[in-house]
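Work through the exercises below with the sequence and the structure at hand. Each task is followed by a stepwise solution.

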Amino acid sequence: MRVSVLGTGAMGAGVAQSLLRAGHDVTVWNRTVDRARPLAEHGATVSTDAAEAVARAQVVLLTLFDTDAVIDVLERAAGDAPEDAVWVQASTIGVAGTETVVQLAEKYGITLVEAMMLGTKAPAEQGKLTMLVAGPEHPVSVVQPVLDAVSAKVVHAGEQVGQGTALKLAANAWIASITAATGQSLAIARALGLDPQLFLDAIDGSASDSAYAHTKGAAMIAGEFPAQFALDGLRKDIGLITDAARDADVDTTLLDALGRVYAEASAAGHGGDDIAAVGTAF
């Protein structure tokens, strides 16, 4: 398929590579074009203009940082894509942001579905993301080859755009919690005179085990945090989750604490590092 990927940060670039590997005709655009240029080496067409990038697209994939970026791109390019193109909102922008994008899609007469990406940089590059999909059945079926190229698993959250976002917020609350909890347990073990690796050994294979705890825990023990999921990106998501929970009358005590601990790690200079750097806050 002819796929335009708008936004080539860590996730967008990884998704573009997986699409190219699957044989799709991929055009990429990024506000900072130098971040998109390396994808030309993989066979992508690099565009310097968002409107130009979508001109031939069958599928337009939005992999941007926040609501403002998604709105800006829609305002720039919505009228330039073919009328039968399906736009796939894959950016984590929260409940209110998604409602705004749905309204813009109706305004511009574009067909919109959402496919939230659950995973980090490496699974995006390997085509092993879990995609949380929502939208009407027909346009979702149209974009299925794109989903197949980038995912190991697809979860259908519902036929209404916004349900995928709701599931993504719930999933990212779990990721934020388990990563911070791993850092806390390693810090407690170390402070009480133990090799922190013993904590990971203790949970290994038990009912409380988590592959994520081992992955992020190893980075915490090594003190090395190459970004797979940037800490400030998850901080943004925690804010979106907290807003959604508060609006839905869900207690935010734990989310408020997570917001503080990730903020402490960011203030210490780890905002661009992997979320495993939250362990430094303990």
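**Exercise 1.** In this predicted model, state what covers the buried residues of helix α3, and find which residues those are.

Solution. 
1. The cover over the buried residues of α3 includes the strands β1 (2-6), β2 (25-29), β4 (59-62) and β5 (86-89). Helices α2 (50-53) and α4 (94-108) are also among the covering elements.
2. Helix α3 runs over residues 67-77. With buried taken as under 20% relative accessible area, the buried residues in this helix are T67, A69, V70, V73, L74 and A77.
3. Viewed down the α3 axis, the buried residues fall within an arc of 165°, so they line one face of the helix.

**Exercise 2.** Describe the burial, contacts and surface of the protein chain.

Solution. 
1. Of the 282 residues, 50% count as buried.
2. Take the contacts between residues at least 6 apart in sequence: 65% of them join residues at least 24 apart.
3. The accessible surface is about 12,700 Å², with 51% belonging to carbon and sulfur atoms.
4. For the charges, there are 18 positive and 34 negative ones, and their mean positions lie 4 Å apart.

Key
Residues numbered from 1 in each chain as written. Predicted model: local features only at pLDDT ≥ 70, side-chain atom pairs only at ≥ 80, totals over all residues. Heavy atoms only, no water. Buried < 20%, exposed > 50% of the residue type's maximum accessible area, 1.4 Å probe, protein only. Contact = heavy atoms within 4.5 Å. Areas by Shrake-Rupley, 256 points an atom, 1.4 Å probe, with all protein chains shown as cover. Lys, Arg positive; Asp, Glu negative; His and termini not counted. Charge placed at Lys NZ, Arg CZ, Asp CG, Glu CD. Helix = DSSP H or I, 4+ residues; strand = E, 2+ residues; numbered from the N terminus. Arc of directions from axis to C-beta.
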